[in-house]
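Please look over the sequence and the 3D structure shown here before reading the report that follows. Each section takes up one part of the chain or one kind of interaction.

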Amino acid sequence: MHEHRDYEGAKIGMWLFLFTEVLLFGGLFLLYAVYLHRYPAEFHAAGKDLSRIFGTANTIVLITSSLCMALAISALQRGKVVLSQRLVLLTVTMAGVFLVNKFFEWSAKIGHGIYPDSPALLKLPPGEMVFFNLYYLMTGLHGIHVIIGAAVLMYGWHLMRVGRVTPEHFVFLENGGLYWHLVDLVWIYLFPLFYLVV
């Protein structure tokens, strides 16, 4: 039975989807810029409470994962399916490392009573309250995208295992890689906004 494959449609659909994601995060970045302009001193003070070590480590992890994903697609196109599978698994593993780091970072903040609507947060100056609410909103939303991206890549790995994503038919993995690069790109903007604002 012939399976219909519309590569052009799949690529255009993916780029349109990515455009909606850019609009979503673009709106949040604009919101951040408005409040930074209004509360510059408070944003700088609040930024000192975030761990640059966690932020830097997660930046390195995500950039490396994007490289692995690009290599995975290239390997598949060159017919090296097993290597591609291993690189996809490595990418997903790095997504897990990122989320574990984020879990410990959030846990430390919550342990100090800094979380949305907490008594300790409500005692802070308005600008610092806004900073931490944006921090949880934007990094939390990004974390959800990391989970979704890892799930998509694992599904792509499964499709390679069963022979439905091959060196001749790799658009699913390519689109998954595009999504992963967007997730990486969003973090590249989040990192300086929250961790280097001091």
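## Leu76 and its neighbours

Leaving aside residues up to four places away in sequence, Leu76 touches Val81, Ser84, Met160, Val165, Thr166, Pro167, Phe170 and Leu173, where a contact means heavy atoms within 4.5 Å. Leu76 lies in helix 3, and at 0% relative accessibility it counts as buried; here buried means under 20% relative accessible area, exposed means over 50%, and partly exposed is in between, with a 1.4 Å probe and protein chains only. Leu76 and Phe103 are 27 residues apart in sequence, and their C-alpha atoms are 33 Å apart in space.

This is a predicted model, in which local features need pLDDT of at least 70 and side-chain atom pairs count only at pLDDT 80 or more, while totals for chains, interfaces and linings use all residues. Residues are numbered from 1 along each chain as its sequence is written, and side-chain values use heavy atoms, with hydrogens and water left out.

## The chain as a whole

Helices (H or I, at least four residues) and strands (E, at least two) are DSSP runs, numbered from the N terminus. Taken along the principal axes, the C-alpha atoms of the protein chain fill a box of roughly 65 × 30 × 25 Å.

Of the 198 residues in the protein chain, 42% are buried. Among contacts between residues at least 6 apart in sequence, 81% join residues at least 24 apart.

## Segments listed in UniProt

The unreviewed UniProt entry lists residues 12-33, 53-75, 87-104, 134-157 and 178-197 under "transmembrane region"; the positions are given in the numbering used here, feature names are shortened, and annotations may be inferred rather than shown by experiment. Over residues 134-157 the chain is 100% helix and 0% strand, and the end C-alpha atoms are 34 Å apart. Over residues 178-197 the chain is 90% helix and 0% strand, with the end C-alpha atoms 28 Å apart.

## Helix 1 beside helix 7

Two packed helices are described by the angle between their axes and the distance between the axes. The axes of helix 1 and helix 7 come within 10 Å and cross at roughly 10 degrees, which makes helix 1 roughly parallel to helix 7.

Axes are lines fitted to C-alpha atoms, for helices over the stretch in contact, and angles run from 0 to 180 degrees between N-to-C directions; angles under 35 degrees count as roughly parallel, over 145 as roughly antiparallel, 65 to 115 as roughly perpendicular and the rest as oblique.

## Two salt bridges

The structure holds two salt bridges, a salt bridge being a side-chain nitrogen of Lys or Arg within 4 Å of a carboxyl oxygen of Asp or Glu. Glu174 forms one with Lys11, and the closest N and O atoms are 3.3 Å apart. Glu174 lies in helix 7 (residues 171-195) and Lys11 in helix 1 (residues 7-38), so the pair ties together parts that are 163 residues apart in sequence. Glu174 is partly exposed at 22% relative accessible area, and Lys11 is partly exposed at 21%.

Lys102 and Glu105 also meet through their side chains in a salt bridge, at 2.8 Å from N to O. Both residues lie in helix 4 (residues 81-111), three residues apart, which is about one turn of the helix. Lys102 is buried, with a relative accessible area of 7%, and Glu105 is buried, with a relative accessible area of 4%.

Asp117 has a positive phi of about 70 degrees although it is not a glycine. Asp117 sits in the loop between helix 4 and helix 5 (119-122), and at 63% relative accessibility it counts as exposed.

Leu67, in helix 3 (residues 52-77), is exposed with a relative accessible area of 51%. Arg161 lies in helix 6 (residues 126-161) and counts as exposed at 58% relative accessibility; Arg161 and Leu89 are 72 residues apart in sequence, yet their C-alpha atoms are 12 Å apart in space.
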